[in-house]
Amino acid sequence: MTDLNTELSDLAGLRGFLRLCLDPGPGRDGRTVEGLARRMPSFLADSIADHAPELAALRKTAQDAHEAYVTALQDWITAETATDGEATG
């Protein structure tokens, strides 16, 4: 049996591991690709980035957009509201 780091450094091993995460077999709950992406640990995302830098760039863009959304939402929630319902800054 190989160690996980070795398995994840190999493209076929990484894809096999990800497929296993999606469909772990009888009696175990699988997950969707979306669910996997939402809960993906950084060590796994790093391994994917080694093989698919374009996915790493998309993930970074999505993370940046999410952080901007959270900041804007916080600002909107905590802003005083004008009489017409628009938030004031």
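Which helix gives the most to the lining of the largest pocket? Select helix 5, which supplies seven residues; helices here are DSSP runs (H or I) of at least four residues, numbered from the N terminus. The model is predicted, so local features need pLDDT of at least 70 and side-chain atom pairs pLDDT 80 or more, while totals for chains, interfaces and linings use all residues. Residues are numbered from 1 along each chain as its sequence is written, and side-chain values use heavy atoms, without hydrogens and water.

Next, display the pocket itself. A pocket is an open set of points on a 1 Å grid over the protein atoms alone, where a 1.4 Å probe fits, with protein on both sides within 12 Å along at least five of seven lines; lining residues have an atom within 4 Å of a point. The largest one holds about 680 Å³ of space, the volume being that filled by probe spheres set on the points. Of its 23 lining residues, select Ala37, Met40, Ile48, Leu55 and Arg59, which lie nearest the centre.

Move to Trp76 in helix 5.

Finally, select the two salt bridges found in the whole structure (a side-chain nitrogen of Lys or Arg within 4 Å of a carboxyl oxygen of Asp or Glu). In helix 3, Arg38 and Glu34 are four residues apart, and their closest N and O atoms are 2.8 Å apart. In helix 5, about one turn separates Asp64 from Lys60; this pair also forms a salt bridge, at 2.8 Å from N to O. Asp64 is partly exposed, at 35%.

Notes. Helices (H or I, at least four residues) and strands (E, at least two) are DSSP runs, numbered from the N terminus. Buried means under 20% relative accessible area, exposed over 50%, partly exposed in between (1.4 Å probe, protein chains only).
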